[in-house]
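Subject: Structure for you to look through

Dear colleague,

Please find below the structure that I promised to pass on to you. Have a look at it first, and then read the notes that follow.

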Amino acid sequence: MRQSIRTALVGAAAAGVFAASMWVTPEPVRAQAGEQGAGGGRGRGARGPAEPTPRLADGTVNLGRVPGEKGTWRVPYITNMAMRVIGPDGQLIPDIVKVQQAARAGGAGRAAGGGGGGGRGGSKSEPWMPWMPWSAAVYDYNSLNESKYDPEGYCLPPGGPRMMATPYQMEIIQQPEHKRIMMIFEGATHIWREIYMDGRKFPEGDAMNPTYLGYSIGRWEGDTLVVENKGFNENSWFDYFGHPHTDRMSVVERWTRPNKQTLHYEATVTDPGAYTRPFTVAWDIPFDGSAELPEYICQENNQYLNRLVDDLGQPIFGPRTQPGQKPAAARGTK
Amino acid sequence: MVRSARIILALAALVTLPAIAGAQFGHPLKGQWSGERTTKGESARLLLNLDWDGKEISGVVNPGPNAATVKSVTFDYSNVSAWGVKLTAEGKDAAGKTVAISVDGKLENIGAYRRLFHGTWVQDGQKGEFTVTRN
């Protein structure tokens, strides 16, 4: 499994096939209490009748495992976040539904978008995205080279909502006594995330050091955990398909647990450096009641990096070609 | 012997690590660029410090006492793998005379850490070539 996931993450061909399957498969956005399974979470996970939402002793929704039981969140692999954009009603926007319907009717949906993005349609196939000219061009470029430069393929951490779209298990640990919530991500390069629940303000000026995961401040609004995030660096993409973002990005996440088996995730992205208006993405994450966090080390034996060359034929990692030496591509590295 | 091996390893790490640690995927023209321009067979060091605020590219050419301020930047995205970039800048030389700069270049290797920006560089009416890579 480790190998297969790694291949999906770093191998353009395998990921392309997987991406295509994600593209054409319609996905409900919001899980309803009582439904079996979780709409956005793929594969194994929630099965059987929905169980009540677990709660902590003080009545707060428990976003983690129940004491004495096992369980982790099985984060789905969402390769194209633009196909998860929702409207004010919380449902996929009509444009995406049309694309999905067209795809089901014979693959016409992908072709209908046209665009200069090679085999994936590029920015023109996602007209609902509030592109700036440069972000559209970057996305077309990433489509054309099949995400060769995906930082997650380099085992760099995902940033923003991509944390919740990178496969493998995730666990949420609430520590009300410390006024914080920890999230542990196995698949996202073995990272953790701390959400401050102590009412603090965001650091200002140089005190806000841009990071991959940003600075997270949370609060409860009824049964919804609302997390505001700022302070992202520019070292990550939104998704495998290569939607870019800038360090001006802020993200507001909303988490609900409509039943024990389902975590519903929404993220509103505001990035005036790359997109002309905010947009919201959403999906469900299924709970696997029999799982515990495994160990997965992305960096281990990542041979993809060793054979990766840039547009000029130079190795992306390692020493550059010296004068008189043939470029790596010509040396037959693979 | 051991010391030599350590030095070699350290140098190898210096060559390799910046590419891993320094990935930056915001606006492709943003960042520090260094290289040189050549006019009539004479070359001169070139440093560009460019930023993107969501509306326009701003920055300076050769930061220092004789820096030129970027006045305008326009893009041609018709080739998504090699963007056309036109840049103008204005500064003053040591005598206080205005120096006008006009750049017509290509931005390539856009997704890689080591991006390439090259083309023609016209400064005070003298035309030459330039090549800079992102630091």
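For chain A as a whole, the mean pLDDT is 83, and 77% of the residues reach 70 or more.

This is a predicted model, in which local features need pLDDT of at least 70 and side-chain atom pairs count only at pLDDT 80 or more, whereas totals for chains, interfaces and linings use all residues. Residues are numbered from 1 along each chain as its sequence is written, chains are lettered from A and ligands numbered from 1 in the order in which they are written, and side-chain values use heavy atoms, with hydrogens and water left out.

Chain A contains six helices and ten strands, where helices (H or I, at least four residues) and strands (E, at least two) are DSSP runs numbered from the N terminus. Of its 334 residues, 57% are buried, which is to say under 20% relative accessible area, while exposed means over 50% and partly exposed in between (1.4 Å probe, protein chains only). Among the contacts in chain A with a separation of 6 or more, 60% are between residues 24 or more positions apart.

How many disulfides does a search of the whole structure find? There is one over all chains, a disulfide being a pair of cysteine sulfur atoms within 2.5 Å. It is formed by C155(A) and C298(A), whose sulfur atoms are 2.0 Å apart. The two cysteines are 143 residues apart and link distant parts of the chain, with C155(A) in the loop between α5 (133–144) and β3 (168–175) of chain A, and C298(A) in the loop between β10 (279–288) and α6 (328–331) of chain A. The torsion about their S-S bond is about -80°, so the disulfide is left-handed. C155(A) counts as buried because its relative accessibility is 5%, and C298(A) is buried with a relative accessible area of 3%.

Turning to the rings, the structure holds 21 aromatic pairs over all chains; rings of Phe, Tyr and Trp (its six-membered ring) pair if their centres lie within 6.5 Å, and planes under 30 degrees apart count as stacked, over 60 as edge-to-face and the rest as tilted. Y141(A) and Y149(A) are stacked because their ring centres are 6.1 Å apart and their planes are at 10°, and both of these residues are buried. Y77(B) and W83(B), by contrast, form an edge-to-face pair, with 4.8 Å from centre to centre and 85° between the planes.

Finally, 30 residues of chain A are in contact with 25 residues of chain B. The area buried between chain A and chain B, meaning the accessible area (1.4 Å probe) that two parts lose on being put together, summed over both, is about 2,300 Å², and carbon and sulfur atoms give 63% of it. On the side of chain A, W134(A), Y141(A) and E234(A) lose the most area to chain B, together 25% of what that side buries.

With best wishes

Notes. pLDDT is the predictor's confidence in each residue, from 0 to 100. Contact means heavy atoms within 4.5 Å.
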